[in-house]
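Biologist: Could you take me through one part of this model up close, and then show me how a few other pieces sit around the fold?

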Amino acid sequence: MTPQRAMRLGIEMADLIASGYLGDLSDADMLHRPCEGANHIKWQLGHLIVSEHKMIEGVSPGSMPPLPEGFAERYTKETSTIDDPAAFDSKETLLATAAEQRAATLAALDKTSADDFDKETGVDYAPTVGSMYSMQGSHLLMHAGQWAIIRRQLGRPPLF
């Protein structure tokens with residue numbers, strides 16, 4: 001198995017779990033906060049999209065499609081406390097934007113040579129190109145773990 005294929009498997013498993021957790025949630029459900037100070041799913045999903053775009057563009061310049069106009073500005077640390085549904089994109093838009101970014105990430109991953117995975121990024125949380133790609137699955141799973149709690153609070157059954 002190539003390193004590209006191994007990383008792809010981790011990312012695709014994270015996608016499977018995340019899409020399972022999001023599948024039956026409404027736009028309103030995605031604004032539920034599990035406790036005071038915690039982020040709702042809409043903000044988290046926007047944050048994941050912006051983060052993936054920035055991280056992969058950093059290791060593979062020119063590989064990522066542009067984000068929609070004003071998208072990154074809607075998902076900053078400062079907007080994480082907002083509960084107004086009008087401040088965030090719809091579930092449909094978020095999922096479509098995530099899918100577009102993910103397709104570009106996987107295409108860039110497939111074009112990255114095995115030797116390039118050890119190149120340094122200068123980023124403390126993902127110090128190599130390989131760790132930056134690997135982080136796409138783990139970052140998504142970290143947030144999806146929070147979504148499992150939200151799902152239970154909303155009366156949804158466990159999925160995995």
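Modeller: Helix 2 is mostly covered, with 15 of its 19 residues buried (under 20% relative accessible area; over 50% is exposed and in between is partly exposed, using a 1.4 Å probe and protein chains only). Bear in mind that this is a predicted model, where local features need pLDDT of at least 70, side-chain atom pairs need 80 or more, and totals for chains, interfaces and linings use all residues. Numbering starts from 1 along each chain as its sequence is written, and side-chain values use heavy atoms, without hydrogens or water.

Helices here are DSSP runs of H or I, at least four residues, numbered from the N terminus.

Now for the loop between helix 4 (91-111) and helix 5 (129-153), where Lys-119 lies. Lys-119 is partly exposed, because its relative accessible area is 48%. Its side chain makes a 2.9 Å polar contact with that of Asp-116 (N or O atoms within 3.5 Å, one able to donate a hydrogen and the other to accept it; residues adjacent in sequence count only through side-chain atoms on both sides). Neighbours within four places aside, Lys-119 touches Pro-127, Thr-128 and Val-129, where contact means heavy atoms within 4.5 Å. Pro-68, 51 residues away in sequence, sits 30 Å from Lys-119, C-alpha to C-alpha.

Technical notes: Helix = DSSP H or I, 4+ residues; strand = E, 2+ residues; numbered from the N terminus.
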